Amino acid sequence: MAKKQFDIQGDVKRSLGDLICRLRKAKDLSLRQFAKAIGLPPSNVTYIEKGVNVPSPEVYSNIIKVLIPPDKEHQKMDMYYCSIRNIPPPDVCEILLNTPELRDKLRLLENVQLSSNQLELIGALFATFKSR
């Protein structure tokens, strides 16, 4: 069973690395340019893109800032990252760290299964905050 879990984890790491590589190339960034922009040696970027290593939260944040992925790809990257690290994406962690009141409200959802309608309502509510 552990072997199968390891294989799945490796697949997810490779998927994240592939996506980062595709987005980097779509931005027409060389490996060296990208490495410099995110503050890593090129060899470390190669390990991330090949799925050998997973970026730290700080490096992941830098990758997002440099690549500025479209929403669909950003969501996919976050899904992979969360699956591998078992933590929310760094930007979400920062929001939670800086907004203790929100943290407390989110704790009310412990052991609650939200319906798709409830999630849509929450999404609509959150969308109103961006326009302010």
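Is Leu109 buried, partly exposed or exposed? Leu109 is partly exposed, at a relative accessible area of 33%. Here buried means under 20% relative accessible area, exposed means over 50%, and partly exposed lies in between (1.4 Å probe, protein chains only).

The model is predicted: local features need pLDDT of at least 70, side-chain atom pairs count only at pLDDT 80 or more, and totals for chains, interfaces and linings use all residues. Residues are numbered from 1 along each chain as its sequence is written, and side-chain values use heavy atoms, with hydrogens and water left out.

Leu109 sits in the loop between α7 (100-107) and α8 (116-130). Helices are DSSP runs of H or I with at least four residues, numbered from the N terminus.

**Salt bridges**

A salt bridge is a side-chain nitrogen of Lys or Arg within 4 Å of a carboxyl oxygen of Asp or Glu. The count by this rule is 3.

| Pair | N to O distance |
|---|---|
| Asp11 and Arg14 | 2.5 Å |
| Arg24 and Glu49 | 2.6 Å |
| Arg107 and Asp104 | 3.6 Å |

Take Arg24 and Glu49, which form a salt bridge with their closest N and O atoms 2.6 Å apart. This pair links distant parts of the chain, with Arg24 in helix α1 and Glu49 in helix α3 (residues 42-49), 25 residues apart. Arg24 is buried, at 7% relative accessible area. Glu49 is buried too, at 9%.

Asp11 and Arg14 both belong to helix α1 (residues 2-26). They are 3 residues apart, so about one helical turn separates them. Asp11 is partly exposed, with a relative accessible area of 41%. Arg14 is also partly exposed, at 39%.

How many residues apart are Arg107 and Asp104 in helix α7? They are 3 residues apart, which means a separation of about one helical turn. Arg107 counts as exposed, at 54% relative accessibility. Asp104 is partly exposed, with a relative accessible area of 44%.

Conventions: Helices (H or I, at least four residues) and strands (E, at least two) are DSSP runs, numbered from the N terminus.
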